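Dear colleague,

Please find below the structure that I am handing over to you. My findings follow directly after it.

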Amino acid sequence: MGSSLDTQALGFPVELSQLGREIKKLWERESQTSTRASLINFAVFCRGPEAMQASTDLLMEFTRHHACRAILIGAEPDSSQDQIRAWINAHCHLSRAGAKQVCCEQVSFYFEGRTGNRIANVLYANLDSDLPLYLWWQGDFPAPIDVQLWAWVDRLIFDSQSWAQPRQQFSLIREALSSGHSRLVLCDLNWTRSLHLRQAIAQMFDCPENLTLLASLNTVTISHAPGFHSTALLLVGWLAAQLKLELHDSRPDNSQFTAPGGRPVRFVLKQESGRSISRCELHSDTGSLLCQRDTAGDFFRMEIRHQHGDVHHHLLPSGSNAAAPLLLEEIAGGGPHRVYLRALAIAEPFF
Amino acid sequence: MTTHHDRAANPLREGLSNRPMPQPCTVVIFGASGDLTYRKLIPALYNIASDGDLPAALSVVGFARREKTDDSFRNELEEATRKFSRQGINEELWGSFRERIFYHKSEFGDLEGYERLAQRLNALDSARNTRGNRLFYLSVAPSEFGGILEKLAAVGLNNPAEGSWTRVIVEKPFGTDLPSAQTLNSVVNHVFREEDTYRIDHYLGKETAQNIMVLRFANAIFEPLWNHRYIDHVQITAAEPLGVEARGPYYESSGALRDMVQNHLLQLLCLVAMEPPTDLTADSVRDEKVKVVRALRPMKPEDVAHNVVRGQYTNGAVNGREVTSYRAEDRVSPESMTETYVALRLHVDNWRWADVPFYVRVGKRLPKGGTEIAIHFKAAPGVLFNRDSAVGPNVLVIRIQPDEGISLRIQAKRPGASVKIEPVKMDFHYGTSFGKASPEAYERLLLDAMSGDATLFARSDEVECAWRFIDLIEQAWHAHPSPPPLCQYPAGSWGPAEADALLERDGRAWRRM
Ligand SMILES: NC(=O)c1ccc[n+]([C@@H]2O[C@H](COP(=O)([O-])OP(=O)(O)OC[C@H]3O[C@@H](n4cnc5c(N)ncnc54)[C@H](OP(=O)(O)O)[C@@H]3O)[C@@H](O)[C@H]2O)c1
């Protein structure tokens with residue numbers, strides 16, 4: 001608290017009512033040397049001046065890889081003034097093909113005091129028509145959910161890792177979904193965060209010989225960094241759902257599941273320093289899989305060991321934990337995330 | 001199909017990727033000290049590894065005759081990959097990748113070398129869990145195919161072990177005419193089943209070529225117009241500012257028609273002209289493509305004189321730099337009759353394309369480079385706006401390279417009190433909208449071959465039908481008593497005047513690129 005909004009990076013201030021006209025003017029100025037590109041409306045909600053600055057930096061990075069109309073929405077409900085301010089800006093970079101500048105516009109709004117209830121209205125008035133709306137909501141959702149705001153969102157992006165009370169947050173989402181907004185796809189960056197890890201683990205089982213290991217799995221140990229307990233829980237949910245395990249006995253960080261044939265499978269979570277999930281071990285009667293993030297953090301070192309003595313190693317990309325690559329990964333992936341919902345259904349009681 | 005079977009068998013795969021999943025295997029490259037291996041194949045495999053898509057169990061064995069150790073081979077490949085990989089090199093990943101590469105020294109004609117290869121592959125299978133799956137990549141001149149395949153068969157390497165597979169990838173050119181293509185097909189298919197034979201046409205691996213089907217069949221607005229009622233004609237152009245560079249001897253025996261039209265440009269034409277396949281399996285797609293080639297109207301010698309223009313470049317300038325004539329190029333005959341340019345007027349004789357000409361042109365030493373397909377629609381009826389002055393037609397352009405994208409020319413009213421119509425262009429650039437670089441064609445093709453998906457590879461009947469068609473033109477040029485002339489064009493121009501006349505006769509003109 002206390003820091004004031006640095007408006008420099010937000011571009012030049014505009015009257016809310018003149019915004020459409022100002023964007024048009026912006027492109028008239030830029031059009032000689034640059035090309036405007038847009039595939040989605042990408043709205044980002046954040047709280048406070050620092051988050052506005054950080055989000056602008058992130059959008060600059062994001063637009064290099066994914067053309068969009070970026071709409072930054074900041075809120076400061078504790079401000080003594082009730083006002084909405086707006087700015088426009090263009091993020092330009094040289095295109096892959098060479099000479100041409102490619103530009104995406106950023107429209108920023110700052111809702112102070114009691115103006116927060118007008119977010120939906122302002123957002124809808126400033127969407128690029130016909131393009132889907134992706135909304136990245138940073139932090140917690142307010143209760144109750146603004147149903148009007150969500151009504152037109154195609155993909156709702158959030159990060160359950162940042163929530164202090166994930167159960168309460170998920171129940172808010174469920175409530176909003178039950179009000180009939182079927183177009184909404186839930187995109188949890190906490191799930192995206194484990195994408196490369198899940199890919200790496202899955203890849204090891206593309207080799208049919210290794211599948212026997214899954215069929216006789218008995219223990220899974222996951223090491224996570226402080227603050228990434230929920231990431232590990234989603235991973236537990238994923239393995240359990242995909243392997244059709246039933247929850248038998250739930251104790252925090254040491255839960256017991258039952259495989260279809262009645263075989264018990266234990267999941268142990270350990271907190272260790274490192275980056276998000278640093279290590280995942282699958283032990284079975286016929287061998288083991290060890291997946292370990294290397295110290296630099298760019299790769300997973302995979303090691304598969306069979307009971308009869310064979311050992312195989314593999315190096316696979318581990319992706320990034322930074323916000324921009326996670327968002328890009330999420331947006332490139334698309335899809336309705338059915339597997340996530342299944343994993344979540346198992347993981348949620350543990351949150 | 002194995003791909004689907006394996007994916008279904010791995011319960012953790014669900015929802016993770018809709019890309020083809022390559023299976024554990026050993027890739028054996030014949031001609032591993034050659035240019036293609038260094039420039040394309042190894043960088044492609046490395047990039048697949050860098051994207052995390054290479055199977056955990058994968059080995060690469062290079063087969064060539066020069067003296068090299070595994071280590072010296074790996075070092076050379078490292079240098080090449082540093083230079084040619086689209087995403088540079090990561091030391092750690094390269095360190096792990098290089099351990100999977102091996103060099104096998106042998107002459108193509110030496111049977112004993114293949115026996116040693118078989119032993120080595122078996123040993124690698126057990127050491128690296130590659131399960132007896134083998135992908136043989138013939139990165140060699142077609143004259144070597146027969147010898148290599150025969151020896152592979154002699155030591156039984158073409159026969160997969162129970163539960164495993166063996167496949168072969170063959171490089172272009174696949175034959176030089178119909179009889180040679182038939183011979184090659186019978187040589188290859190004598191040793192490998194057709195479904196295990198992957199004939200590379202790297203144009204099909206390009207992102208925009210793959211997008212043609214998506215554009216046509218995933219957008220409801222185009223397909224209803226995609227026929228003779230609405231399309232006036234189609235132009236397909238592949239222009240290159242380069243000359244023959246160091247490939248003089250090869251080019252002398254090939255020429256533009258065989259080098260580019262028989263394979264790449266006819267493939268593009270097929271993608272534009274084909275009917276929607278019933279599904280996206282390799283054979284459904286290729287069945288439809290082959291129907292197009294079969295429907296190409298064959299040419300008698302007099303038709304060739306009328307519908308085909310061949311040209312050769314003379315001295316001129318490209319990009320402001322003076323360049324010599326084709327006949328003065330390194331290892332090219334001073335009396336060469338090889339065409340460096342060809343323009344054709346083709347017809348696809350079926351219901352959809354009745355009376356719609358397809359103009360195809362390809363040339364070297366043209367002012368600029370680029371491959372594109374332009375669909376010229378019929379003009380709107382001239383009753384309202386275009387009564388006095390002709391309003392240009394709509395043109396949909398699919399740019400294959402460079403700057404891949406799609407543009408649509410439409411007519412718009414110029415602001416002002418009078419009704420003045422001007423064409424405007426709506427332009428979509430892949431590079432602008434999707435910041436991520438597309439994978440190289442060879443990456444996609446190698447991934448597909450490792451995954452058992454042959455959709456982007458040419459099938460034997462496709463190749464033979466294309467040669468049957470092309471041979472008629474070659475015969476009219478080279479086996480007819482009064483062949484049509486070889487026209488000349490200065491380097492740096494858009495080809496011979498006769499090529500312009502080919503369209504002018506029909507009241508049309510080549511699109512300005
Ligand atoms: N290069 C390209 O960009 C490109 C593009 C499209 C298609 N292609 C096609 O791909 C194929 C390979 O092209 P390339 O450019 O890589 O050819 P290249 O540079 O001439 O390489 C040929 C390779 O074959 C080996 N070789 C030749 N005769 C041999 C023998 N008797 N025993 C053992 N090894 C032998 C050579 O080994 P030595 O080094 O010991 O001679 C070399 O490794 C050709 O069919 C070509 O048409 C190439």
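I begin with one residue pair: Phe136(B) stands opposite Val168(B), a residue of β5(B). Strands here are DSSP runs of E with at least two residues, helices are runs of H or I with at least four, and both are numbered from the N terminus. The two strands concerned, β4 (residues 134-138) and β5 (residues 166-170) of chain B, pair in the parallel sense over five bridges; pairing requires that DSSP finds at least two bridges between two strands.

Regarding the conventions, this is a predicted model, in which local features need pLDDT of at least 70, side-chain atom pairs count only at pLDDT 80 or more, and totals for chains, interfaces and linings use all residues. Residues are numbered from 1 along each chain as its sequence is written, chains are lettered from A and ligands numbered from 1 in the order in which they are written, and side-chain values use heavy atoms, with hydrogens and water left out.

The sheet in chain B

Strands β4 and β5 belong to an open sheet of six strands in chain B, ordered β3-β2-β1-β4-β5-β6 with parallel pairing. Its edges are β3 (101-105) and β6 (197-199) of chain B, each of which pairs on one side only. From one strand to the next, the twist averages 20 degrees. Angles run from 0 to 180 degrees between N-to-C directions, and axes are lines fitted to C-alpha atoms, for helices over the stretch in contact; contact means heavy atoms within 4.5 Å.

Helix α6 (residues 145-154) of chain B lies across β1 (25-30), β4 and β5 of that chain, and runs at about 155 degrees to β4(B). Helix α13 (residues 441-451) of chain B also packs on the sheet, where it touches β1, β2 (58-64), β4, β5 and β6 of chain B, with its direction at about 155 degrees to that of β5(B).

The ligand

The shell around the ligand has 19 residues, of which Ser33(B), Asp35(B), Arg39(B), Arg66(B) and Val140(B) come nearest; a residue counts as near if one of its heavy atoms lies within 4 Å. Helix α2 (residues 35-50) of chain B supplies the largest share of this shell, three residues.

Polar contacts are pairs of N or O atoms within 3.5 Å. A polar side-chain atom of Asp35(B) lies 2.7 Å from a nitrogen atom of the ligand. Ligand oxygen atoms are placed 3.0 Å from a polar backbone atom of Gly34(B) and 2.6 Å from an N or O atom in the side chain of Arg39(B). The ligand taken alone exposes 900 Å², and the protein buries 74% of that (Shrake-Rupley method, 1.4 Å probe).

The sheet in chain A

In chain A, eight strands form an open sheet of mixed pairing, in the order β11-β12-β13-β10-β14-β15-β16-β17. Strands β10 (residues 217-224) and β13 (residues 264-271) of chain A run parallel and are joined by six bridges; Thr221(A) has Val268(A) in β13(A) as its bridge partner. Helix α9 (residues 229-242) of chain A packs on the sheet and touches β10, β12 (254-258), β13 and β14 of chain A, its direction making about 165 degrees with that of β13(A).

Backbone details

The peptide bond from Ala143(A) to Pro144(A) is cis, with omega near -10 degrees. Another cis peptide bond joins Gln401(B) and Pro402(B), with omega about -20 degrees. Asn129(B), a residue other than glycine, has a positive phi near 65 degrees.

With kind regards

Methods. A polar contact is a pair of N or O atoms within 3.5 Å; within protein, one must be able to donate a hydrogen and the other to accept it, and residues adjacent in sequence count only if both atoms are side-chain atoms.
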